[in-house]
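Let's take a friendly walk through a protein model together. Have a look at the chain first, and then we will visit a few places in it.

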Amino acid sequence: MVNPNRRKKTARFEEIAALAGVSVSTVDRVLNERDTASVKTREKVVQAARQLGVPRVLPETRHGLIHIDIVLPDSSTPFFQRLNLALQRGVAMLDKRLVVHRLWTPEQDEAALVRSIGPRRYRRQALIVAAPDTPAVRGALQQARERGEHVTMVVTRVDQVPQADYVGIDNHAAGRTAGYLLGRLCHREGRVLILSSRRDYLGHIERSRGCREVLAEQFPALNCNLDVTETHDDADKCYWAVQQALQENGALVGLYNTGAGSPGIMAALGRFAQDKVCWVTHEISDDHRQYLAQGMLDLVIDQDPDTQAIRALQNVVAALGTAPAASLAQQPGEFRLYFAENMGQQPYLE
């Protein structure tokens with residue numbers, strides 16, 4: 001008489017083998033951890049077993065240490081300081097087999113960034129990166145994917161990198177939101193100045209484009225500057241750009257800054273603005289809370305770097321097979337709107 005439990009087990013292994021595209025004996029060796037199979041084969045078998053809902057504790061697909069790099073610009077802006085702190089807290093909770101290397105590159109040194117994305121002295125399995133969208137960076141990220149490294153982008157996307165993930169906000173939608181609220185809050189005809197941190201960051205390009213689109217579509221009485229002013233988040237550059245705009249012919253009625261440098265904007269508005277200028281910017285930092293309370297700043301669009309850091313780490317560990325897949329990993333993150341009435345008092349950096 002055939003044992004029915006034995007028949008059920010054999011059928012289950014056959015299902016896993018068919019789904020994974022391997023032999024039944026390979027499934028048996030992998031699931032009972034007697035295997036010498038490659039990492040790729042183990043991953044296929046365990047993934048198939050997980051997909052079929054096999055009711056048992058599944059083995060780890062990788063043995064030894066797993067190396068992950070986090071590559072961010074060496075920026076002093078409140079946003080990147082907060083993102084760094086959030087990643088630091090998240091890394092502390094990861095499995096000890098995950099070795100995380102944190103790399104900071106000078107913002108204007110593209111060669112240093114490309115080297116950081118390039119091959120390391122250790123075998124890197126995954127990369128979390130915030131980077132400009134330039135041909136050299138794009139090529140380096142494409143090569144990382146070709147080496148089998150998982151790539152997760154934060155803050156801003158880089159185009160033409162196959163199978164790379166992005167866990168930041170929809171920057172184009174954020175820019176359209178800025179344009180719509182500028183149009184509703186500006187109660188007179190005039191000019192709108194758009195300031196951008198960098199022209200090679202796709203996130204800033206998308207924000208500026210979204211704002212322009214909505215103003216052109218719905219608020220023809222508001223005219224934008226033809227060329228986006230690049231500030232590199234520098235307060236002095238923001239100051240001079242706003243001063244010049246205020247001193248030109250035609251009333252400046254609106255201002256949208258896609259990056260940082262707000263102390264310079266605040267100083268220029270306080271010194272040269274004769275009438276109210278509606279001002280929209282990003283990130284609910286401590287200085288922005290102060291400007292909201294004073295009535296100089298009207299709206300802040302915050303991309304919540306704490307949640308973005310968690311989503312990036314979840315995405316990586318799920319891709320490496322060391323944790324269940326995060327259901328929201330492939331969806332854009334949500335951004336929040338802050339006015340004087342709802343800005344709260346919690347410090348930006350903790």
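The side chains of Asp28 and Asn32 are joined by a polar contact of 2.8 Å. A polar contact is a pair of N or O atoms within 3.5 Å; within protein, one must be able to donate a hydrogen and the other to accept it, and residues adjacent in sequence count only if both atoms are side-chain atoms. Asp28 belongs to helix H2, residues 24-31. Its C-alpha atom is 9.2 Å from that of Ala17, which is 11 residues away along the chain.

Please keep in mind that this is a predicted model, where local features need pLDDT of at least 70, side-chain atom pairs count only at pLDDT 80 or more, and totals for chains, interfaces and linings use all residues. Residues are numbered from 1 along each chain as its sequence is written, and side-chain values use heavy atoms, with hydrogens and water left out.

**The whole chain**

The chain has 12 helices and 12 strands. These are DSSP runs numbered from the N terminus, with helices being H or I of at least four residues and strands being E of at least two. Of the 350 residues, 51% are buried. Buried means under 20% relative accessible area, exposed means over 50%, and partly exposed is in between (1.4 Å probe, protein chains only).

| Residue | Relative accessible area | Class |
|---|---|---|
| Asp28 | 23% | partly exposed |
| Val155 | 10% | buried |
| His232 | 27% | partly exposed |
| Asp304 | 7% | buried |
| Gly321 | 21% | partly exposed |

**Loops worth a visit**

Asp304 sits in the loop between strand S11 (299-302) and helix H12 (305-319). Its side chain makes a polar contact of 2.5 Å with the side chain of Thr307. Beyond its neighbours within four places in sequence, Asp304 is in contact (heavy atoms within 4.5 Å) with Arg82 and Arg336.

Gly321 is in the loop between H12 and strand S12 (336-338). Gly321 and Gln47 are 274 residues apart in sequence, yet their C-alpha atoms are 8.3 Å apart in space.

Val155, with a phi of about 70°, lies between strand S4 (150-153) and strand S5 (165-166). His232, with a phi near 55°, lies between strand S8 (229-230) and helix H9 (235-247).

**Two cysteines**

Cys186 is buried at 10% relative accessible area, and Cys278 is buried at 3%. Across the whole structure, a search finds zero disulfides.

**The largest pocket**

Rolling a probe the size of a water molecule over the atoms shows where empty space is left. On a 1 Å grid over the protein atoms alone, a pocket is an open set of points where a 1.4 Å probe fits, with protein on both sides within 12 Å along at least five of seven lines; lining residues have an atom within 4 Å of a point.

The largest pocket is lined by 30 residues, and Thr77, Phe79, Asp233, Gly259 and Ala260 lie nearest its centre. Helices H4 (78-91), H8 (202-218), H10 (262-272) and H11 (286-294) are the elements that each give two or more residues to this lining.

Notes
A disulfide is a pair of cysteine sulfur atoms within 2.5 Å.
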